[in-house]
Amino acid sequence: LFVLVDAKSKWPEIRISKAPPTSESTIHILEDIFSFHGLPRVIVSDNATIFKSEVFNQFCLKKGIQQKFIAPGHPATNGLAERHIQTLKHKLLAMHSSKKPLAERTREIVYRYRATPLANNKTPSELYLGRNIRTQLDQLLPYQTSKTDLKIRSRQLSVGDRVQVRWYCNGKENWKLGVITKKFGKLHYEVRLDSGYTLKRHINQLRLSEVKQQSQQTTGEPKPVTVDQSKSQAECRRQEEEITFNRRYRTVPIPQPQPLPRQDEPVTVIPHLHGPAAGTPRRSARPRRPPYYLQDYVVNKQVG
């Protein structure tokens with residue numbers, strides 16, 4: 001176990017190492033702790049070899065840290081760290097029946113110690129951080145509004161307000177209209193768009209709007225259609241269907257059949273209809289029309 005204690009606030013930092021400590025591993029642990037709390041001015045340690053090596057001495061010189069060593073054979077000189085080690089050992093011994101790993105048990109002990117009042121009725125977290133850290137016991141206390149909550153100044157909207165909502169789609173930003181349906185705290189709102197989609201937005205993503213909903217009312221009922229509008233829509237639909245039908249099924253007019261002559265009228269016989277004429281080939285008298293797929297083309301007629 002590597003124990004580091006702040007002399008003023010009694011704030012402990014404990015690290016667990018499975019391998020025997022060396023100067024390099026100790027420097028690595030100290031750099032990790034200093035990255036969170038900053039560099040100290042003085043470090044008090046025992047006379048172990050890892051603290052008196054040239055590597056550790058150069059590390060302290062580079063960081064501007066003064067080294068102090070206790071008197072050999074008198075560990076009470078560094079009584080603050082020794083007392084924390086003894087307290088940690090007693091707590092771990094009391095938790096010997098627990099099946100939790102050593103790292104988890106150590107973390108729980110340090111967490112509770114930081115929230116425990118000292119002889120001056122102040123906790124290490126209050127002395128070091130200027131405030132008490134929150135524990136599970138704080139759930140039993142009533143919530144008190146902090147002064148920072150009262151200083152928030154921002155636009156306030158109400159449920160039912162008509163707003164423009166920032167909309168993100170395919171990497172593009174746009175605005176859509178909607179109505180506020182719910183309020184979360186002081187900065188977040190739930191908005192129902194005109195399309196029926198519900199989303200959550202920050203106050204900075206909302207704007208008041210005077211544009212009313214045109215397609216449908218806020219209750220979701222469809223807008224009534226007058227008789228004139230329905231007639232005009234039906235007429236346009238009929239004309240469109242008629243034009244589409246004429247474009248798709250364009251036909252050539254078929255000649256109407258001639259009425260049969262009465263019995264008292266003379267019948268005129270056309271030679272080429274009842275038989276081939278002398279010297280001329282026989283041709284069909286059936287009316288002919290071009291193929292359907294050629295109706296959009298101009299076909300050159302050949303006479304032969």
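1. The largest cavity has a volume of about 70 Å³. The structure holds 1 cavity of 30 Å³ or more. A cavity here is a set of points, on a 1 Å grid over the protein atoms alone, where a 1.4 Å probe fits but cannot get out. Its volume is the space filled by probe spheres set on the points, with grid points joined across faces, edges and corners. This is a predicted model: local features need pLDDT of at least 70, side-chain atom pairs count only at pLDDT 80 or more, and totals for chains, interfaces and linings use all residues. Residues are numbered from 1 along each chain as its sequence is written, and side-chain values use heavy atoms, with hydrogens and water left out.

2. Which residues line the largest cavity? They are Pro12, Ile14, His84, Thr87, Leu88, Ile109, Val110 and Tyr113. A lining residue has an atom within 4 Å of a point. β2, α4 and α5 (102-114) are the elements that give two or more residues to this lining. Helices (H or I, at least four residues) and strands (E, at least two) are DSSP runs, numbered from the N terminus. The cavity lining divides into 6 nonpolar residues, 2 polar and no charged. Ala, Val, Leu, Ile, Met, Phe, Trp, Tyr, Cys and Pro count as nonpolar, Asp, Glu, Lys and Arg as charged, and the others, Gly among them, as polar.

3. Now the largest pocket. About 1100 Å³ of space lies in it. A pocket is an open set with protein on both sides within 12 Å along at least five of seven lines. Its lining has 40 residues, and Phe2, Val3, Leu4, Val5 and Val44 lie nearest the centre. Helix α1 gives the most, with 7 residues. The pocket lining divides into 26 nonpolar, 7 polar and 7 charged residues.

4. The structure holds 7 salt bridges. The criterion is a side-chain nitrogen of Lys or Arg within 4 Å of a carboxyl oxygen of Asp or Glu. Glu108 forms one with Lys100, the closest N and O atoms being 3.3 Å apart. Glu108 forms another with Arg112, at 3.5 Å between the closest N and O atoms. Glu108 and Arg112 are 4 residues apart in helix α5, so about one helical turn separates them. Glu108 is partly exposed, with a relative accessible area of 24%, whereas Arg112 counts as exposed at 52%. Buried means under 20% relative accessible area, exposed over 50%, and partly exposed in between (1.4 Å probe, protein chains only).

5. Two further salt-bridge sites deserve a look. Arg166 pairs with Glu173, the closest N and O atoms being 3.2 Å apart. Arg166 is buried at 19%; Glu173 is exposed at 54%. Elsewhere, Glu13, Arg15, Asp32 and Arg114 are linked in a network of salt bridges.

6. How many aromatic pairs does a search of the whole structure find? There are 4. Rings of Phe, Tyr and Trp (its six-membered ring) pair if their centres lie within 6.5 Å; planes under 30 degrees apart count as stacked, over 60 as edge-to-face and the rest as tilted. The Phe56 and Phe59 rings have centres 6.0 Å apart and planes at 45 degrees, so this pair is tilted. Phe56 and Phe59 are both buried. Ring pairs link Phe51, Phe56 and Phe59 into a cluster.
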